[in-house]
Amino acid sequence: AAECERYEERTPESAAMAEDLRELVPAGVCSTFRAYDPYPVHAARAEGGSIYDVDGNEYLDFALNNGTQLVGHTHPTLEEAAVDQIERGTLYTRPTDLIEFAARPLIDRWDAIEQVRFTNSGTESIMHATRLARAYTGREKIIRMEGAYHGAHDPALVSKMPPLEQAGPERDPRPVRESRGVPDSVPEDILLAQYNDAESVERLLRDHGAEVAAVLVEPACLNLGLVEPEDGFLERLRELADEYNVVLIFDEVKTGVKLAPGGGAEYYGVQPDLVALAKAIGGGYPVGAFGGRREIMDCIAADLNEGVATGAAHYGTYNGNPLALRAVGVTLREILTEDAYDHVTTLADRLADGYRDVIADTGLEATVKSVGSQGMVHFTDEPIRTFRDWGHVDEEFHEAYWFGMVNRGVIPHPHDASQQWTVSVQHTAEEIDAHVDAFADLATHLTA
Ligand code: PLP
């Protein structure tokens, strides 16, 4: 195994802050994913394609807040709009013309989205989309792919990355609760299939079709590094959903407005019934959305029309707050233009090609993947098609890569082999080349 460089010498302020913060908040962080050994680099500020730590180090930032900031940090157009909005008020809990400003570009980008509701996070979007599917079908079970992350609510914490010794056989995976506090009953409504294996979904529908409300899937798995759907997989899910009258939900929290303007649905040419969104749609402001076919979304309006709660509930004080809506509208209408997509795709291809050249030159065992603005490197030659292939990935080696890159002034992606890089509209060709140069330098050490 490659020796893992650490960054203690360059980051004493981060170390001290981590120690202080652990007294105040569990593990010193506000989302458990952010805690890792020895401690996370603590941020002081961010701008454009870079982030700066409390010790004054600059990093080219390709983690971009779990890929949220396709627009980069502090985009001037977004900043100006946000300041203007702050002066007009950040919360009204009343409808405004900003709803149309934010909703229209989502409806325009996804054929599947005829109506949309706003939330505050990806977790909420998935939670509401699955509840809505249950309300619409009158059924309770959800088919999900083993090893997929769909948020932090109770059902999403079942089999997101289960230990294989608890997960049962590949053909009949057992739901594993990955947090204490998730009630025993929660896995009862989850049926697990394997990504890229439409037959595994078909088997579940044959056996339990009458009880299934929805098939929930990411069009490309972006919490297994980057696993794309094989030809015919999403198309087959579409057919099966129609055959069994179940709702096909795409979790486009990470793929939405990133793989293409209209997300994975556009990129792979398959439209679901419901789409869950968050992250990049808001350019770094906390917002999510879920939308889809009018007939299904109407179940939300029924709540009101009937005068009693007969429909699917969707409430929230901060839903559709004017600051978030302004951010969505400005991001989608003014920043993520056709030119912006050309820019990020060209640079992301350049980055992936640079990695491939370094790997060819050094003989590292690695596979580079790239789709739209996103990409990553798996340190294995074996194909990764499903969660069960994850064992091929050399996570220890990946950790050495990640720390080595951070020490060379590049945060390649969030700290975890399961994540991927994002190239932002503010990154430049020079910054891509600097990223590749850092990898080339590191690769000679990793293979030495
Ligand atoms: N779905 C996917 C595919 C995600 O990657 C995430 C977060 O990383 C979520 C849902 C949850 O989103 P949030 O963290 O905004 O709640």
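The following legends describe close-up views of a predicted model.

**View 1. The two domains of the protein chain.** The domain assignment divides the protein chain into domain 1 (8-70 + 337-447) and domain 2 (76-335). Between the C-alpha centres of domain 1 and domain 2 there is a distance of 26 Å. To the contact between them, domain 1 contributes 27 residues and domain 2 contributes 29 residues.

**View 2. The side of domain 1 that touches domain 2.** At least two residues of this side come from each of α2 (64-67), α11 (338-362), β11 (367-371) and β12 (374-378). Strand β12 provides the largest share, with four residues. By class, this side of domain 1 holds 10 nonpolar, 14 polar and three charged residues.

**View 3. The largest nonpolar core.** This core comprises 124 residues, and V215, L237, V247, I249, L274 and V275 have the most contacts inside it. Both domain 1 (8-70 + 337-447) and domain 2 (76-335) supply at least three residues to this core.

**View 4. The surroundings of L274.** When neighbours within four places in sequence are left aside, L274 is in contact with A129, L132, A133, V247, I249, F290, G292 and I296. Two of these partners, V247 and I249, are themselves listed with L274 among the core residues that have the most contacts.

Key: Residues are numbered from 1 along each chain as its sequence is written. This is a predicted model: local features need pLDDT of at least 70, side-chain atom pairs count only at pLDDT 80 or more; totals for chains, interfaces and linings use all residues. A nonpolar core is a set of buried Ala, Val, Leu, Ile, Met, Phe, Trp, Tyr and Cys residues joined through C-beta atoms within 7 Å. A residue is buried if 20 or more other C-beta atoms lie within 10 Å of its own, exposed if 12 or fewer, and partly exposed in between; C-beta atoms are placed from the backbone. Domain bounds come from an automatic or database domain assignment. Two residues are in contact if their C-beta atoms, placed from the backbone, lie within 7 Å. Ala, Val, Leu, Ile, Met, Phe, Trp, Tyr, Cys and Pro count as nonpolar, Asp, Glu, Lys and Arg as charged, and the others, Gly among them, as polar.
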